[in-house]
Each structure stands twice: as C-alpha cells, then as structure tokens.
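Colleague: I am new to this structure and would like to learn how to read its features one at a time. Could you take me through them slowly?

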Amino acid sequence: MSTDAAMAPYDLTATEALRLVRRRELRVADWVRSLLDRVAATESAVQAWVEVNDQGAMSRALEEDAAFSRLASLPLIGVPLGLKDIYATRDLPTAAGFPLWAERVRGFDATAVERVRDAGGIILGKTVTTQFAFADPPKTRNPWNLERTPGGSSSGSAAAVASCQVPLALGSQTAGSILRPAAYCGVLGLKPTYGLISRYGIYPLAWSLDHPGPIARSVEDLALALSVLAGSDSRDATTARARTSDYLAAIRAPRAPTFGVIADFLDFATPGVRQVTLDAVASLSRAGAQLRDLRLATPLPVVAAAQQTIMQVEAAEIHRSLHAEAAEKYAPRMRALIETGALVPSSLYLQAQRIRRRFRQEVAALLSEVDCLITPTASNVAPPRDTTGDRTFQAPWSLVGVPAVTVPSGLSEGLPVGLQIAAGPWEEAKLLSAARWVERVLPPLPALPL
Amino acid sequence: MNADSVILAIAADLAAASERRWGSERTRALAGAIETLAETLALVANVDLELDDAEPDFIGCG
C-alpha cells in the first residue's frame, strides 16, 4: 500500500487522492464520505460552510464510481470542491451573506462552476463569505486558533481547506480576499491575472477588481484547478484576451528563480512576520534563488488608497438599487462602504485610476528585472475576530491585475505566515513554477492543532 | 495645503454630500467611515500626476 493510500482520504490533497482514484485504489464515494465525516467532526468549531450538499455530493460520487471507465479521463474526476457563496449554482442557494437571499436559488451555474462540473468535480457545498465579499466579520473561525479570524472575504473556503474538510475551494479577491485568508489559515491561494477566469455568475463587489481563484493545500492542486478554470468565456468580455498555458506541465521541473524582494512591504510588516519572511528568503537564497532588493516609487499606502477608492465607487454603484430597497438588511461595514462610496467625487475616482495606470507601469518595470516579486502576504498574522485583517499587502496585485500566489512560510505567535509571489500578466505558468520551487524549499507547517 | 488640511477639507465635503444624500441621522452614523474615507482620498489627491503620463485606465490588466 502506498503512503497516500495509508492516509485518511480527507488528509490527502486533491492530486494525491486523484492518483488513487485513477488507480481504483480509492472510490470516489469513499473520498466524499471521508470528507463529510471530517466536516461533521470539525464544523462546530470552524463554521466554514453555509450549506453542505451531502446528499447531492454523495449521489454524484456514486454516479462517477458507477461510470468510472467512461469518466476516467476527466481532469477533476471525483474531486470535491467548496464554493464561496457568491458563485451561482443551479441547485443550491447563493446568498452572498445577505439575509434576504438565504433561500435564493439562482437557477444557473457560474461559468467556473460549470467548468468544474464538466471536468468531473463534485460540489461539496457553499462556503461562508463575508457579506457581498467585503469586510464584515463572518461566523467562520481560524482553525489554527478559534479566537482568530480566518481572514476574508473567502473565509469559509480557506478555513475548510485548512481543516481538511475539502481539498480545494474557490474564492474571489477584490482587494485581498483569496491571498489573505489562505495565508492566515496556512494554506495556498492563487489570484490569477484579471480576465483569466470568467466572473460570469459570481456576484460582483467591484467590476474592474474582482478575480475568481482557487485555494488549496499544494501548488499542484492550484495548477490542477487553474487548468480547468482558465480561459475565455463569451459571457465575460474581460476574458476575451485570456492567455492560457499548460500549468501542470509548468510545475514538473521547477528551477530556482530570480526574485525581487520588495523592501517596502517588510517596513510595514509586524516584527514576527518580518522575521519569518527574512528567514524564508534566506532559505530560498541558500537553495539557489537569485535575489534583488527592490523599492516601490509609489508609496504602498497610496497604492492601497487607489484600490480602496476604485473598489468603493464601483461597489456603491453595483449596490445602488438593492440598497435603496433594503439598506437595513446590510451588515454595518458593507452598508457604510456603499453609502460613503456614493459620495466620492468623480475627480478623485479618476485620479485613483491614473495612479493605477502609473503603478501598473512601475510593476512592469520591476518585473523586467526578475522572474517574480516576493513579499509577505499580509502585514500581520490572523488578528482577533472583530476584523478580517489587513488588505494592504494584497491590494496592489488586485489593483493592477497581475497574478499572485501565497505559500506558507512559517509560524509567528503560533499562527501561519504566508509568502506572496507575484508575476507579470498571463504568467501563471512561471508563477506556479516558482511557487512549486518555493514549496519544495521551505519546510511544511506543523500539523494543524484541530 | 498640508496633509491634515486636505483631510479636513475632503471630510467636510463628504459630510455635506452625505447630509444631502442620506440625511443627518445616517451622516452621524457614518462619521467614522467618512473620516476613514477622507484619509484614503487625501492620499489619492496628494499624488502629483501629469495628465500626459497617467491617463485613466479602467480595466484591471493591460
């Protein structure tokens, strides 16, 4: 029996379990049952799910087992996934954290969901999102310390993957909503290039900043998910120029990259996060990475302010009608975002867009010198549950639309720290290859205390 | 104007706009959010850009 086969199925990454499924050493139904049992054992503590589709998932698993010889070539055959509860699903409610929509079934699948199902993936359920993917604290807890936030807004997706309730989950990021919760929960997340994954059927927070993306426990699983999700979609015009690659091939033989370490981020990090990051960077250097110290010309707070301004104006407009009907039903921070976003003068919105353009040129110039940029993923470790954390370090990559990934780099105060890696537009293959190399060099985090 | 003056001026404009749009009660409730937004917008407003070298760009990735 292989090592993978000796582990409980819930403990395996998607790729590890998929190998067993393809060899018929693991039945899809047994994999799903193991995950449902894990959810039952841990959910009262973690609270990662809005709805677990146990009957639907098990029914689909049995169908896939029965038709295995016909479906075996599907890239996600039997892979269970969690969906952030802003992804429309034809058969489950999509509430986006809004109480009036708790029972609202949208009756169609988001393009990303459609692609997952067509690839053989099994929807295990809907994971908790902060209301409308903004910043009101959710019920979900950080599996590393139940008194800390898992981060947001893809709170349930990150916490569910971290606590081995599901190997893979989909989230979305407008400022830092994939990378920050993944880092706070000690797992990996990918925010791809803007326009690489269709946003069709995903409830928007801010059109020009919204990025769907996966959360997982290995780079291989991120590459697997991206290989299914990436590509143009006639229902989302921003994907018209999407450039895809063979992401799984790209990570097979990763080489030591040249990294640009952006010192500005270290200046704003807590001492614990700074130290973990410097230790990780030293390990990468010893393993053969070339390092260059870089500085931003545009101050980090200005970059974050431009992102915030654009997000706030777009969110206010998206919610104008619903807010007029049901302002009292909004969570406090989301309501304030809308009501103050509606007051921003157009001249300052345009100024923020101009800063965005200039910063994009600045990032392109930095990336002309190195393969990838590295920073801590967040300025801090997961704070208490009255906040979803600090988005300053992730917002720059959302603002300019370049891809970024977070890989666990160590612990501070007993909580995970992430290393954030960013690359140029459409360079996910290079980014995932670099992340795979980093994943091999850095020691894994200790076992989750749950 | 120094940075604090810019924040105060923007906050005053936002509060006036809020009074007109949402009324006094909501404006009082939004006081903290208005102050935070004024600080954010002041950072944006204080950046010196030439029109020629930084035209607006509305889509995430060029």
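Predicted model: local features only at pLDDT ≥ 70, side-chain atom pairs only at ≥ 80, totals over all residues.

Colleague: Let us begin with the two chains; how many residues of chain A are in contact with chain B, and how many of chain B with chain A?

Modeller: On the side of chain A there are 38 residues in contact, and they meet 31 residues of chain B.

Colleague: What is the area buried between chain A and chain B, and what percentage do carbon and sulfur atoms give?

Modeller: The size of an interface is often given as the accessible area lost when the parts come together. Here the area buried between chain A and chain B is about 3,000 Å², and carbon and sulfur atoms give 66% of that area. Within the area that chain A buries against chain B, A:Leu343, A:Arg354 and A:Arg357 supply 22%, which is more than any other three residues.

Colleague: How many salt bridges are counted between chain A and chain B?

Modeller: Side chains of opposite charge can pair when their charged atoms come close. Between chain A and chain B the count is one salt bridge, and B:Arg26 forms a salt bridge with A:Glu339 in which the closest N and O atoms are 2.7 Å apart. Over all chains, the count comes to 23 salt bridges.

Colleague: Which residue forms a salt bridge with A:Arg24, and where do the two partners lie?

Modeller: The partner is A:Asp65, with the closest N and O atoms 3.8 Å apart. Since A:Arg24 lies in the loop between helix H2 and helix H3 of chain A, while A:Asp65 lies in helix H4 of chain A, the pair ties together parts that are 41 residues apart in sequence.

Colleague: Turning to helix pairs, at what angle do the axes of H13 and H16 of chain A cross?

Modeller: One reads such a pair from its axes and then from its residues. The axes of H13 (residues 300-318) and H16 (residues 346-367) of chain A come within 9 Å and cross at roughly 130°, and the two helices are therefore oblique to each other. H13(A) passes H16(A) in a left-handed crossing. Among the residues that meet there are A:Val302, A:Ala306 and A:Ile310 in H13(A), and A:Leu348, A:Ala352 and A:Phe359 in H16(A). The residues of this contact of H13(A) with H16(A) divide into 10 nonpolar, two polar and two charged.

Colleague: And how do H9 and H18 of chain A pack, at what angle and with what distance between their axes?

Modeller: Helix H9 (residues 219-229) and helix H18 (residues 428-441) of chain A pack at an angle of about 160°, with their axes 9 Å apart, and they are therefore roughly antiparallel to each other. Their crossing is left-handed. The contact includes A:Leu222 and A:Leu226 of H9(A), together with A:Leu432 and A:Arg436 of H18(A). By class, the contact of H9(A) with H18(A) has six nonpolar, no polar and three charged residues.

Colleague: Is the peptide bond from A:Gly152 to A:Ser153 cis or trans, and where is A:Phe132 found?

Modeller: The peptide bond from A:Gly152 to A:Ser153 is cis, with omega near 10°, and A:Ser153 has its place in the loop between strand E3 and helix H7 of chain A. A:Phe132 is found in the loop between E3 and H7 of chain A, and its phi is near 50°, a positive value in a residue other than glycine.

Notes: Residues numbered from 1 in each chain as written. Chains lettered and ligands numbered in written order. Heavy atoms only, no water. Axes fitted to C-alpha atoms, helices over the stretch in contact; angles between N-to-C directions. Helix = DSSP H or I, 4+ residues; strand = E, 2+ residues; numbered from the N terminus. Parallel < 35°, antiparallel > 145°, perpendicular 65-115°, else oblique. Left-handed = near helix turned anticlockwise from the far one by under 90°. Contact = heavy atoms within 4.5 Å. Nonpolar A, V, L, I, M, F, W, Y, C, P; charged D, E, K, R; others polar. Buried area = accessible area lost by both parts, 1.4 Å probe. Salt bridge = Lys/Arg side-chain N within 4 Å of Asp/Glu carboxyl O.
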